[in-house]
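Let's take a walk through this model, starting with what the record says and then looking at the ligand and the pocket.

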Amino acid sequence: MATLTLRDIRKSYPGAAAETIKGVSLDVADREFVVFVGPSGCGKSTLLRMIAGLEDISGGELAIDGVRMNETGPAGRGLAMVFQSYALYPHMTVRQNMEFALKLAKLPVVERRAKVEEAARILQLTDYLDRTPRQLSGGQRQRVAIGRAIVRSPKVFLFDEPLSNLDAALRGQMRLELARLHNELAATMIYVTHDQIEAMTLADKIVVLRAGRVEQLGSPLELYRDPANIFVAGFIGAPKMNLHPGRVLDTRPDGVRIALDSGPVLDVAVAGDRLAPGAAITFGARPEDITVAGTAGPDRLSGRVVVVEHLGGQTLVHLETDSGESWLVQTDGSSTIAIGDTVHLGFDGTVSHVFDGQGQAVPRLHRHDPSAEAARIRAVS
Ligand SMILES: Nc1ncnc2c1ncn2[C@@H]1O[C@H](COP(=O)(O)OP(=O)(O)O)[C@@H](O)[C@H]1O
Ligand SMILES: [Mg+2]
């Protein structure tokens, strides 16, 4: 068992004007894979280092398996951390690197060997145990760093951007290996990244951080489907959600009628009780939720195509409106749309988003069909 509880955790660095972590509360369940995601500098590493015991906690409480840990040193917390810079000992073999901590802990040779060999098997490093780091690829070195964590049988694994130093193809491959590893070890894991695709593909639960605060917390699908605010809407999902200004014309029980600044008048199925006619809003539509229509119309957006990206299975069409807004539409792979074409876009009011003047999501009235959502997520990752 390994659960973690964070209650109103705060961090002030001496001399810093503002708190770096401004009250984070979170429950991590046993065997859960939790990902902290957010832009560079938002406090992800600070929060992880506070959990690890490498950084003092200025306020709030951290508990592991229900026991307060604020005053316990790193060694007493039973956690193991894997960093972006894997910092292997260059003159030691893979085996020696992996067993180093066990040797320090004075574990008998037989047990040490068994643990290293089991970790090597899990990480597919068995044939590399007698090599030095210099004789390994970047991905293999990062696996050795993970192996050093595995041999210690920690209660919780902590990862700080472990894949950031790898090239794109290797990152994709290591991502799958981490998912497999989580499954095989059945361990609790907390993983920090600025890459929302890593967050979407690995997490049971995503914690979106911004400037030391939790913007939203939920499963990848919840965040994708129902982003709580403009920040999360723009951060989760690739290609990004289209977000453009408009205003409220009218509110009714079955939704809200809005006029986009770029022209179209749309009925969106969101709860309008918080919105007054005339209120400024931001409209949001994911590129795959927009259709290319044959003709112009009062509920259609017309624009000129400026870039077409043929990805094979799908085509990304970038267009610009007369008013100067940029929109992105995802359409099928065989699309014949070309640069310079004028296209007309149609919107689905049941899957579109509306954000109020404070950037907070206006609750949607319809739930998505889960299988359609799963297909959408596959398209994203
Ligand atoms: N030891 C430190 N002393 C003072 N400020 C720090 C220290 N470490 C990090 N910070 C500041 O805290 C903020 C969050 O940093 P960090 O947790 O590393 O962000 P992230 O990992 O999300 O990129 C940054 O503004 C950074 O400059
Ligand atoms: Mg960091």
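Which residues does UniProt list for "domain: ABC transporter"? The unreviewed entry gives residues 4–236. Keep in mind that what you're looking at is a predicted model.

**Around ligand 1**

Ligand 1 has Y13, T20, P39, S40, G41, C42, G43, K44, S45 and T46 around it. Sorted by class, that shell holds three nonpolar, six polar and one charged residues.

| Residue | Polar atom from | Distance to an oxygen atom of ligand 1 |
|---|---|---|
| G43 | backbone | 3.0 Å |
| K44 | side chain | 2.9 Å |
| S45 | side chain | 2.8 Å |

On its own, ligand 1 would expose 560 Å², and the protein buries 55% of that.

**The largest pocket**

Now for the largest pocket, which holds about 500 Å³ of space. It's lined by 23 residues, and A80, M81, F83, R148 and R152 are the ones closest to its centre. By class, the lining has 19 nonpolar, two polar and two charged residues.

Which elements each supply at least two residues of that lining? They are β6 (79–82), α2 (94–104) and α4 (138–150). The largest share comes from α2, with five residues.

Notes: Residues numbered from 1 in each chain as written. Chains lettered and ligands numbered in written order. Predicted model: local features only at pLDDT ≥ 70, side-chain atom pairs only at ≥ 80, totals over all residues. Heavy atoms only, no water. Near = heavy atom within 4 Å. Polar contact = N/O pair within 3.5 Å; in protein donor to acceptor, adjacent residues only side chain to side chain. Areas by Shrake-Rupley, 256 points an atom, 1.4 Å probe, with all protein chains shown as cover. Nonpolar A, V, L, I, M, F, W, Y, C, P; charged D, E, K, R; others polar. UniProt positions renumbered as here; feature names shortened; annotations may be inferred. 1 Å grid on protein atoms, 1.4 Å probe; cavity = no way out; pocket = protein on both sides within 12 Å on 5 of 7 lines; lining within 4 Å. Points joined across faces, edges and corners; volume = space filled by probe spheres on them. Helix = DSSP H or I, 4+ residues; strand = E, 2+ residues; numbered from the N terminus.
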